[in-house]
Each structure stands twice: as C-alpha cells, then as structure tokens.
Amino acid sequence: MARDSKGKAERYKPLAEEIIGLVGGKENIVNIGHCVTRLRLNVRNKDAVNAEAVKQLPDCLGVQWSGDQLQVIIGQAVGDAYQLVLKKHDLGNLGQNQSASAAAATQPKKNKVIAVLDLVAGCITPIVPALIAGGFAQIVLLLCIMAGILTTESPTYGVLNFAGNAPFYFLPIYVGGFTAKKLGGNVSLGMIVGALFIHPNFITALADGPLSIYGIPIFNARYSSSILPALLSVAVMVPIEKFVAKHSPDSIRSILEPFVTFMVIVPIALCATGPLGGFPWHIHFGWHYAAVQYDRFYRRCGRCLPVAAAGHDGYAPCAGAVYPELFRDTGI
C-alpha cells in the first residue's frame, strides 16, 4: 500500500519540477497551500507568471486567478502534488502553515472584497473534509432508516446520529481556530472563543432567563452549527491580542497576553460580535419566502459559495444534513 501511495505521488513529478519556474521562481512566491482540489500560490508579481504554460503541464486541469493568488486545478489528489512541490523546491518555509502576519508583510495589499472572501475561504476550506464526513454519515443513516436496516430506537442509530452531527455542532470551535490561524493570531485562543458559544452552561443559562456580563445584556441566540459569530469574534480578538502583545513586558508576556485578550474578548464576543453574527436575520427578513424559492437559491447562490472555497464536492451531503435542521429551527 505504501508503494502504491508513493507511485501516485510520483505521478505529479513533471508538474512539481516545472511549476515553480513558470510562476516566476521561488522569489516570486509569497506562500503556497492547497484546498480540496486546487494548488494555491500567492505571488508578488502576476506578470512574472506564465499561466498558459502552467495550464499545459501534465495533470493540470486548469488555472484561474483570485486576486494575486494563482489557483492550479489538480483534483482530489492535490495533497500529493503539494507535498512533492514543497520537497523538490525546498519550500517548507512558504507552506500553508506559514503565519498570516509573515505572509502579509511581503504581499501587496489586496482589494477589500477579495480580502474578505479570502478570509472566509481560508477559514472554511480546512473544515470541508469534516463536513463531508458528517454530511455523508447523516445521509447513510437516513438511507438505513428508509431501508429498514436501522430504527430510530436502536443504539447504533443513536451513536451514528450524534457522531454525524458532531462536525456541524462544534463548527464554531473549528472556525475560531482557523480564523485565528488565517489572521496570524493564537489558534488556541481562537478555538476558546468559538467554544464560548456552545458551552453547555452558557446554553443552559441563556435558556433559563436573561443573562448579562458587567451589566451588559447578552442576546439569546442559537450558536451551534454557526460560522459568523466565531469568525467575527476572532477577527476582533486578533488585533486585541497583537496590541496586548506589543505593550506587554517581556517577562510576563506569556501570561499577560492570553489572559488580557481573553478577558477583553469575552464580553465583546457574547454581547456584540456573537449576537451580530448569530442574529436570526432569516426570520426577520423572510425565510419563508426563501424556503419557497429554495431551488432557485440553491442553483444561483448555493453552488457559488462552496465553489469559491473549492469545497463544492462536499456541499450536497452537507446541505442535505443542514437545511432540514435549519428549516425546522425557523418553524418552516
């Protein structure tokens, strides 16, 4: 099996050997990463890139630009090609684990709209495999119920049901961590901010009655399976973290930075950015109409957003698991 895996990776050897030269060499690359199907190269100078020649490389299915990022479409085995490119050109320091702050220091300023889309894609794309797993698990479970293989009372159904729902329920934690990583913040702090919204005690306290912190009321919203509350909160947290780090004495920075950041972001997240992202806009602005027009929405919009994050392959099972729950919660 190891030999087969190595053989598949070597399939991309010609592409790996030539692609860096065709994009202007190592000095023209800010960072390199990949999503589900595409190799993504952020470059300093687009004019130095020979996109047509890249398109002609073996096993390249196409290329396209997103701002200053060249996206080379390879397919599901893009991870093999990515590792081979890093190995052959010694690009480990430019890999997708490079911090956002280091990349931003050498990269030209992006258009604001592109920067926002890049942020969202960077936060969502790494989560796509988990959503695919959970979505397909829910679909297989549903098919087993329809075929009479399982019943809703069986222990197997109960275990597989919560297992398939886990990637969606804990979505705020993943989003918080990857948003922090994308923006150059502390990943663990980002995950903690996401965890705030789904802590059992917090959910229970919201359900029991009015809740506040420092006298500021906390809006009652449903945060499980959400994306925006954690994303917005961590986007605010990272500048706070960097400010505290800059003004903290070196001797106590390792303690002061996470503690002060945490104490400041908690009320902001629970009272402002969380409710802003978790507010049920769909109820107040006509989800009933959107439900009637669901097919049109899916065709025109639903397919575009996952494609922007190169996660369209896993969208169908995820949508099948998420939309019924969403409509049920909104009373449709």
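Entry 1: I began with Lys55 and Glu52, which both sit in helix α3, 3 residues apart, or about one turn of the helix. Helices here are DSSP runs of H or I with at least four residues, strands are runs of E with at least two, and both are numbered from the N terminus. Lys55 makes a salt bridge with Glu52, and the closest N and O atoms are 3.5 Å apart. The term needs a side-chain nitrogen of Lys or Arg within 4 Å of a carboxyl oxygen of Asp or Glu. Lys55 is partly exposed, at 33% relative accessible area. The scale I used is: buried under 20%, exposed over 50%, partly exposed in between, with a 1.4 Å probe and protein chains only.

**Entry 2: ground rules.** This is a predicted model, so I noted its limits: local features need pLDDT of at least 70, side-chain atom pairs count only at pLDDT 80 or more, and totals for chains, interfaces and linings use all residues. Residues are numbered from 1 along each chain as its sequence is written, and side-chain values use heavy atoms, leaving out hydrogens and water.

**Entry 3: the other bridges I checked.** By the salt-bridge rule the count comes to 4. One of them joins Arg11 to Asp59, with the closest N and O atoms 3.0 Å apart. This pair links distant parts of the chain, 48 residues apart: Arg11 is in the loop between α1 (2-10) and α2 (13-22), and Asp59 is in the loop between α3 and β3. Arg11 is partly exposed at 48% relative accessibility. Asp59 is also partly exposed, at 27%. I also saw that Asp59 has a positive phi of about 70°, although it is not a glycine.

Arg253 forms a salt bridge with Glu257, the closest N and O atoms being 3.1 Å apart. They are separated by about one helical turn, because they lie 4 residues apart in helix α13 (residues 253-278). Arg253 is partly exposed at 36%, but Glu257 counts as buried at 14%.

**Entry 4: two helices.** At what angle do α8 and α9 pack? I found about 40° between helix α8 (residues 155-169) and helix α9 (residues 171-183), with axes 5 Å apart. Axes are lines fitted to C-alpha atoms, for helices over the stretch in contact, and angles run from 0 to 180 degrees between N-to-C directions. The two helices are therefore oblique to each other. Under 35 degrees would be roughly parallel, over 145 roughly antiparallel, 65 to 115 roughly perpendicular, and the rest oblique. Ala166, Pro167, Phe168 and Tyr169 in α8 meet Leu171, Pro172 and Tyr174 in α9. Contact means heavy atoms within 4.5 Å.

Next I looked at Thr179, which lies in helix α9. Is Thr179 buried or exposed? Thr179 is buried, with a relative accessible area of 0%. Leaving out residues up to four places away in sequence, Thr179 touches Leu119, Cys123, Leu231, Val234 and Ala235.

**Entry 5: Tyr214.** Tyr214 sits in the loop between β5 (211-213) and β6. Its phi is near 55°, a positive value in a residue other than glycine. Tyr214 is exposed, with a relative accessible area of 60%.

**Entry 6: the whole chain.** I counted 18 helices and 6 strands. Buried residues make up 41% of the 332 residues.
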